[in-house]
Amino acid sequence: MTADLFSNDPHIPATLELGRDAVLLRGFALAVVPQLFQGIEQAALAAPWRHMETPGGRRMGVATTNAGALGWVSDRRGYRYEACDPATGRPWLPLPEAFAALAGRAAAAAGQGGFAPDACLINRYAPGTRLSLHQDRDEQDLAAPIVSVSLGLPATFLWGGHARGNAVHRVPLAHGDVVVWGGEDRLRFHGVAPVAQGTHALTGPWRVNLTLRKAG
Ligand code: MD3
Ligand code: FE
């Protein structure tokens, strides 16, 4: 974690270590944004955006869909990965090649080569939507990294520690940024601060986040 993270200096490095095994690759996805949006659109045609219910019975503020052999779902029974969308009974869109290729290149650039994701959770945030502090531990293989891609409206990522009460750092994430989270950083608490009002040239009133995972 360096002070550079909080600077608007244009000379800040394109690659930043958020932790020993967490690397922010600024703008890494910019060249493939059209392919990513094509995949997102197809994923949402196969499995429409929905606000999942938490095990505690609350409706999530974030809207979600999935692509890949497995998709993350939440309902009164808990969190898990499913091969079919519970809303339709049909499989999720197969993982678009552009998603898998980007994730593989990003993991390799972060020194965590050989990443073969089988799931992509797609989260959509309207202004005002937040994601409260949590850990991602529903995946079978916690040794595999998670690669996240931020698109559309900017957000402040909340980067915590290994216990819920640890200090939380605020990391600005912009359109096209990619983060690789693995190793000792894989189980850190994290979240997203309420997305600020705004309009993005490509997405309009949305932030969209892809998280590529090895879930099975
Ligand atoms: C750090 N999504 O879907 S991506 C999630 O922007 C999630 O939609 C956020 O947290 C979003 O679970 C943050 C960044 C992220 C994803 C997974 C992680 C950070 C992570 C797993 C471990 C540590
Ligand atoms: Fe998460």
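How many bridges pair E3 and strand E6 (residues 119–125), and in which sense? E3 and E6 pair in the antiparallel sense over six bridges. Two strands pair if DSSP finds at least two bridges between them.

The model is predicted; local features need pLDDT of at least 70, side-chain atom pairs count only at pLDDT 80 or more, and totals for chains, interfaces and linings use all residues. Residues are numbered from 1 along each chain as its sequence is written, chains are lettered from A and ligands numbered from 1 in the order in which they are written, and side-chain values use heavy atoms, with hydrogens and water left out.

The pLDDT is the predictor's confidence in each residue, from 0 to 100. It averages 94 over the chain, and 94% of the residues score at least 70. Residues 1–7 stay under 50. For this stretch the model has 18 contacts beyond four places in sequence, a contact being heavy atoms within 4.5 Å. Where pLDDT is low, the predicted coordinates should not be read in detail.

E3 and E6 belong to an open sheet of seven strands. The order is E1-E2-E11-E8-E13-E6-E3, with antiparallel pairing. Strand E1 (15–19) and strand E3 (63–68) are the edge strands, and each pairs on one side only. From one strand to the next, the twist averages 20 degrees. Angles run from 0 to 180 degrees between N-to-C directions, and axes are lines fitted to C-alpha atoms, for helices over the stretch in contact.

Two helices lie against strands of this sheet. Helix H1 (residues 33–46) lies across E3, E6, strand E8 (146–152) and strand E13 (207–213). H1 runs at about 95 degrees to E8. Helix H2 (residues 97–109) packs on the sheet and touches E2, E6, E8, strand E11 (178–181) and E13. The direction of H2 makes about 115 degrees with that of E8.

Strand E2 (residues 22–25) contains Leu24. Leu24 is buried, with a relative accessible area of 0%; buried means under 20%, exposed over 50%, and partly exposed in between (1.4 Å probe, protein chains only).

A second open sheet has four strands, in the order E7-E12-E9-E10, with antiparallel pairing. Strand E7 (131–134) and strand E10 (169–173) stand at the edges. Each has a single partner strand, so one side of each is left without a neighbour in the sheet. Strand E9 (residues 155–159) is joined to E10 by five bridges. Among the residues involved, Thr156 has Pro172 in E10 as its bridge partner.

The iron ion (ligand 2) is coordinated by His134 (NE2), Asp136 (OD) and His190 (NE2), at 2.0 to 2.2 Å. Donors are N, O and S atoms within 2.8 Å of the metal (3.2 Å for Na, K and Ca); water is not among the atoms, so sites may look incomplete. Along the chain, the donors follow the spacing H-x1-D-x53-H. Asp136 counts as buried, at 9% relative accessibility.

A disulfide is a pair of cysteine sulfur atoms within 2.5 Å. The count by this rule is zero. The sulfur of Cys84 is 17 Å from the closest cysteine sulfur, in Cys120, and therefore too far for a bond. Cys84 is partly exposed at 33% relative accessibility, whereas Cys120 is buried at 0%.
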